[in-house]
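Hi,

Here is the structure I promised to pass on.

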Amino acid sequence: MIKKDKYNVAVVGATGAVGKEMIEVLEERKFPVGTLKLFASERSAGGSLTFRNQDYVVELLQDDVFKGIDIALFSAGEKISIQFAPAAARAGAVVIDNSSAFRMNPEVPLVVPEANPDAAMKNNGIIANPNCSTIQMVVALKPLHDRARIKRIVVTTFQSVSGKGKEAMDELFEQTKSLLSFQEVRAEVFPHQIAFNCLPHIDAFLENAYTKEEMKMVNETRKIFGDDGIGITATTVRVPVYIGHSESVNIETEDNISANEARAILSAAPGVVVYDDPQRNIYPMPVDSAGRDEVFVGRIRADESIPNGLNLWIVADNLRKGAATNAVQIAEILIASR
Ligand SMILES: NC(=O)c1ccc[n+]([C@@H]2O[C@H](COP(=O)([O-])OP(=O)(O)OC[C@H]3O[C@@H](n4cnc5c(N)ncnc54)[C@H](OP(=O)(O)O)[C@@H]3O)[C@@H](O)[C@H]2O)c1
């Protein structure tokens with residue numbers, strides 16, 4: 001990719017929960033877009049989406065559509081990424097992929113701009129965006145890791161339904177309507193009723209009894225920190241919230257770090273906002289994070305059960321920092337360095 005005034009951008013999965021957010025984030029951040037191409041399946045091809053007050057036709061995704069594209073933002077799921085991302089890279093685009101298809105491939109950098117921006121530059125045409133739950137956790141933990149080296153992380157997530165896409169959001173809406181009008185609920189996207197319920201089950205169960213989502217948090221965090229020695233255990237839970245993932249995170253550090261120092265470090269950290277005044281009922285909540293690009297941290301307190309432990313409550317908009325914003329920030333790194 002050579003230095004240009006404007007870059008030709010493709011959004012693959014443009015009609016999805018993440019894809020639509022990508023178009024908005026490109027506009028909001030004034031990304032220097034030359035041509036914009038929007039792709040989806042035959043279900044949405046022919047429809048249109050708006051960018052900078054102009055309508056763009058959604059086109060059918062095919063192998064030969066990437067000629068002349070500089071940056072391809074993929075968010076159409078793992079299968080589509082496996083099928084089309086290599087073709088896009090061969091055509092000369094840099095792919096920033098939101099699926100899990102390439103995240104653990106040693107040839108593919110896994111990038112959170114606040115944590116490991118330099119990794120983005122060593123790519124072979126594909127860069128992976130981490131899982132939404134991983135992104136918000138590493139944004140908050142990296143500055144603490146740099147100061148005191150984290151030895152162990154115990155995390156429990158409370159993940160919104162938008163993390164599973166637009167159909168999951170519709171399912172929560174329909175089930176809520178049904179329950180409030182005393183009708184039976186139908187569960188099609190989730191394995192059980194999600195309205196007024198919590199499911200300790202995100203993605204498939206693995207042989208080790210964890211879910212894939214839980215192991216993504218373990219493996220991706222180690223790759224981003226470049227530290228395989230961190231002990232990480234995760235429990236991921238789907239909750240009936242539309243947008244915004246919350247995480248209860250306990251860390252054990254090598255060096256001692258007080259809650260006050262952690263608060264000061266995080267207040268100065270890029271991309272982090274500290275909301276931590278519990279006496280005044282101030283703490284992060286998903287409804288406040290929706291539509292925002294920052295990661296919100298609160299309930300910072302010492303873990304009194306161990307010498308060097310801290311508890312934190314970390315919240316972010318999974319469609320923005322957890323996906324679209326992170327991807328566009330990676331694209332910004334690429335064009336800034338040309
Ligand atoms: N939601 C999140 O918080 C989040 C966060 C991080 C990463 N991700 C990842 O981002 C990806 C998309 O997630 P999402 O939540 O946006 O899902 P979604 O709302 O279900 O959207 C899926 C998108 O993919 C398109 N698509 C599906 N099959 C296709 C095909 N055969 N050819 C071309 N396009 C096709 C859909 O187009 P149609 O309109 O034509 O169906 C739609 O635009 C997934 O890999 C997901 O794991 C999601």
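Let me start with a serine: the side chains of Ser 133 and Gln 159 are joined by a polar contact of 3.2 Å. By polar contact I mean a pair of N or O atoms within 3.5 Å; within protein, one must be able to donate a hydrogen and the other to accept it, and residues adjacent in sequence count only if both atoms are side-chain atoms.

Before going on, some housekeeping. This is a predicted model, where local features need pLDDT of at least 70 and side-chain atom pairs count only at pLDDT 80 or more, while totals for chains, interfaces and linings use all residues. Residues are numbered from 1 along each chain as its sequence is written, and side-chain values use heavy atoms, with hydrogens and water left out.

Back to Ser 133. Its side chain also makes a polar contact of 3.5 Å with the side chain of Glu 213. Ser 133 sits in helix α3; helices here are DSSP runs (H or I, at least four residues), as strands are (E, at least two), numbered from the N terminus. Is Ser 133 buried or exposed? Ser 133 counts as buried because its relative accessibility is 0%. The cut-offs are under 20% relative accessible area for buried, over 50% for exposed and partly exposed in between (1.4 Å probe, protein chains only). Leaving aside neighbours within four places in sequence, Ser 133 is in contact (heavy atoms within 4.5 Å) with Thr 157, Gln 159, Glu 213, Met 217, His 245 and Glu 247.

A nonpolar core is a set of buried Ala, Val, Leu, Ile, Met, Phe, Trp, Tyr and Cys residues joined through side-chain atoms within 4.5 Å. The largest one has 56 residues, and Leu 141, Ile 153 and Leu 312 have the most contacts inside it. Helix α3 (residues 132-148) gives the largest share of this core, 8 residues. There is also a second, separate core of 36 residues, with Val 25, Leu 49, Ala 327 and Ile 330 among them. As background, nonpolar side chains tend to be buried together in soluble globular proteins. Beyond its neighbours within four places in sequence, Ile 153 touches residues including Met 137, Leu 141, Ile 230 and Val 249.

Now the ligand. For Gly 16, a backbone N or O atom lies 2.9 Å from an oxygen atom of the ligand. Taken alone the ligand exposes 910 Å², of which the protein buries 82% (Shrake-Rupley method, 1.4 Å probe; for residues, only the protein chains shown count as cover).

Last, the loop between α4 (166-180) and α5 (212-225), where Phe 182 lies. Phe 182 has a positive phi near 55° without being a glycine, and it is exposed, with a relative accessible area of 79%. Ala 209, in the loop between α4 and α5, has a positive phi of about 80° and is exposed at 58%.

Cheers
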